[in-house]
Amino acid sequence: MTAAVSHPGRRPNQNPCRVTTTRVLRSEWHKLRSLRSSWITLISASVLVLAIGLVMGATYTSGGGDSDVDTVVLVLYGSVLGTLCTVVLGILVTAGEYSTGLIRASLTAVPRRLPVLWAKAAVFTVTVFVVMFTTALLTFVVAQLFLHDTDQAASLSDPGIFGAVVGNSVGITLLSLIALGLGALIRSVPGAIGAFVGGVMILPEVLSMLPYDAVKSTVKYFPTQAAGALGSATPLPGEAPVDGALLALCLWAGATLCAAALLLRRRDA
């Protein structure tokens, strides 16, 4: 008979190789931060938002054609391009692993599969929100240095301003989370990008041209339209209310992730 080897500080029933939520999250965070494409994409998104915001602030004159534009929308106009960057990153987080074959190793290490998807979504969501919120806050503050003596002068303490800055970041994050879900569904980077551009960005614009009030009332709760409503300090006619827009975006993201989870359980890697 052989004596059991005891390790100080470790309980007898503790398995060092056991799959836990913390370890899966740590693994996904390591994969996200170790890829050069992750940092290039996030930095590109931040630079675009900041650069365009500074240009808009430096070139703005009172009484011009943009005087009726919401202050937060004007300053964070670069969020449109920034969103494209984070959307691509979301697709790469999931579909990129299928293209490289890394997903097989991930699912072998975590046989239950679904924790991998939830961990990807959680790590990606926190990362994108922190980066984009920091960028939006910095862009607004610096742009206001140019706008302080114009009719677009505003402060973060003004009604609706800070909420719109946060809403802008939340909208970008949830749109990117939808892209992550599409990547897991389609398992192809070009296919997921095409699905997002065609289904999320172009389709609502086409539907809004139809002469039906019911269609127009529905379209304002589509992802891109709902995200736009979150990033505006002054609600515009025809836009969804902030709470309704936020709920709609959460439902779109949740539905996409749930569909991806269902297929992940049923399909081979």
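Which exposed residues does the face of α1 turned away from its buried side carry? The face in question carries T22 and R26, where exposed means over 50% relative accessible area, buried under 20%, and partly exposed in between (1.4 Å probe, protein chains only). The structure is a predicted model, in which local features need pLDDT of at least 70 and side-chain atom pairs count only at pLDDT 80 or more, while totals for chains, interfaces and linings use all residues. Residues are numbered from 1 along each chain as its sequence is written, and side-chain values use heavy atoms, with hydrogens and water left out.

Helices are DSSP runs (H or I, at least four residues), numbered from the N terminus. Helix α1 has 14 residues and reaches 20 Å from its first C-alpha to its last. This span is close to the expected 20 Å at 1.5 Å a residue, the expected value being 1.5 Å times one less than the number of residues. The buried residues in α1 include V24, E28, K31 and L32. Seen down the helix axis, the buried residues of α1 fall within an arc of 100 degrees, so they line one face of the helix; the arc is that of the directions from the helix axis to the C-beta atoms. An α-helix has 3.6 residues a turn, so residues three or four places apart point the same way. The cover over the buried residues of α1 includes α2 (36-59), α4, α5 (102-109) and α6, with contact meaning heavy atoms within 4.5 Å.

In one of them K120 pairs with E28, the closest N and O atoms being 3.0 Å apart. K120 lies in helix α6 (residues 114-147) and E28 in helix α1 (residues 21-34), so the pair ties together parts that are 92 residues apart in sequence. E97 forms a salt bridge with K31, with a closest N and O separation of 2.9 Å. Here E97 lies in helix α4 and K31 in helix α1, so parts 66 residues apart in sequence are tied together. The relative accessible area is 6% for E97, which is buried, and 16% for K31, also buried. The side chains of K120 and E97 meet in a further salt bridge (2.3 Å, N to O). That pair links helix α6 with helix α4, the two residues being 23 residues apart.

A polar atom of the T86 side chain lies 3.0 Å from the backbone oxygen of T83. Leaving aside neighbours within four places in sequence, T86 is in contact with T41, A45, F124, V128, M132, I172 and S176.

S232 lies in the loop between α10 (223-230) and α11 (242-266) and is buried, with a relative accessible area of 9%. A polar atom of the S232 side chain lies 2.9 Å from the backbone oxygen of T234. Not counting residues up to four places away in sequence, S232 touches D70, V73, A164 and E239.

Definitions and conventions. Polar contact = N/O pair within 3.5 Å; in protein donor to acceptor, adjacent residues only side chain to side chain. Salt bridge = Lys/Arg side-chain N within 4 Å of Asp/Glu carboxyl O.
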